[in-house]
Amino acid sequence: MLFGKSSAIFFHNAVVLNADGIIGESLRIENGKFAALDAAPRKNDFVVDCRGGLLAPGLINAHEHLGVNNFGRLKYRDVYPNAHAWSLDIEARFETDPKITAPRAVPIADRLFIGGIKNLLAGATTVCHHDPWHSSLNANFPVRVARPFGYCHSLQRGGDVRKSFRATPRGAAWIIHLAEGTDDASARELDQLDALGCLEKNTGIVHGVGLTPRQREKIIARGAGLIWCPSSNFFLLNKTANVSDLARAGLLALGTDSRLTGDGDIWDELRAANQTQQLTPRELFGLVTTHAARILRVKKLGALEMGAPADLILLPAPRGDPFAALVQTRRSDLQMVMLGGKPRLGDLAMQELFAARGVEFARVRVDGAAKLLDAHIARRLKRNRVGEAGVKLD
Ligand SMILES: [Zn+2]
């Protein structure tokens, strides 16, 4: 790496990947934004040799409950007919089961921070948080939290559904858990939502396991979207949604849900999605990039588009099809995670990049792999009242 004085960064010797495919081999970033593709570096650019690595947009996790990622997976029956039954089981033990009371005793800001860390370490640079907003999400949070948007928990919980839909800012997405079950009640929910006047093109339905083919057609006709969380669905319901028609219409995104029901991070979720064999690896990548941006209505994210914020991940050189390599990724494989042109996480080889961008770093271990982490985030993690499993601070 060559040291430069400019705030611009020139990545070369890379496989630059968007949801459509390989788009180039070098990428220039200036003032925190994507500036040029396959152009020559300028005089004072800081140059990063990617050694054939995969340079892709920061991923979008379209469904998450940031504040419950310090919990373990929890259920009290083998298989539930619907998620409402699971919620009642959880509620009944809210004050008595130590698996709930202990993680709940951690202050909310510290719990949310762990949700942010989970996503940052996986390169999910934008997250849709399906719970009340908290001031700690406003600034210095490890990742972007999608805003503005409206949400309602579900038809059963979360109050007046129609009022929530109508109160959503114009042009923003409105998200609801729906048809999270395999029983008749779940199969009726989409029609109930439609009868309430809440199925429009800004509607994002989370789960949709109980949707019928006719209901999926209706979602497509309305231009609404489905946010798929397969690992959470298999854990609770032993079944997940049929998604190929929605994916082909560009109306499908992927979410991890929280660790209360989901497998883990966005890579775990991509693997769970891949195992269902409904979509190709290339289609799966669209779910965490451009299609997610469209459903969440977040502008200029999820694509390496010139002028967009430089949210970026770097992965090792792929052997064969880059999309197939992507779905096999684990968080410790990530060589760099950048937000708005600043590195937040990187391999030890990225030390000069951190220095060139004026980002102080600390050494950490992520699942045994040595990494550099933005020092502000590392210090915050050190004083956090709950840690992140697999992460060791030096
Ligand atoms: Zn959820």
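The donor residues of the zinc ion follow the sequence spacing H-x1-H-x111-H-x79-D. One pair among them joins distant parts of the chain: H63 belongs to strand β8 (residues 59–64), whereas D257 lies in the loop between β15 (252–254) and α9, 194 residues apart. Strands (E, at least two residues) and helices (H or I, at least four) are DSSP runs numbered from the N terminus. The model is predicted, with pLDDT of at least 70 needed for local features and 80 or more for side-chain atom pairs, while totals for chains, interfaces and linings use all residues. Residues are numbered from 1 along each chain as its sequence is written, and side-chain values use heavy atoms, without hydrogens and water.

The protein donors are H63 (NE2), H65 (NE2), H177 (NE2) and D257 (OD), at 2.0 to 2.5 Å from the zinc ion. Donors are N, O and S atoms within 2.8 Å of the metal (3.2 Å for Na, K and Ca); water is not among the atoms, so sites may look incomplete. H63 and D257 are both buried, meaning under 20% relative accessible area with a 1.4 Å probe and protein chains only.

R271 is located in helix α9 (residues 266–275). This residue counts as buried because its relative accessibility is 11%. Not counting residues up to four places away in sequence, R271 touches V327, Q328, T329 and R330, where contact means heavy atoms within 4.5 Å. The R271 side chain comes to 2.6 Å from the backbone oxygen of T329. Between the C-alpha atoms of R271 and L326, which are 55 residues apart along the chain, the separation is 9.5 Å.

Technical notes
Buried means under 20% relative accessible area, exposed over 50%, partly exposed in between (1.4 Å probe, protein chains only). A polar contact is a pair of N or O atoms within 3.5 Å; within protein, one must be able to donate a hydrogen and the other to accept it, and residues adjacent in sequence count only if both atoms are side-chain atoms.
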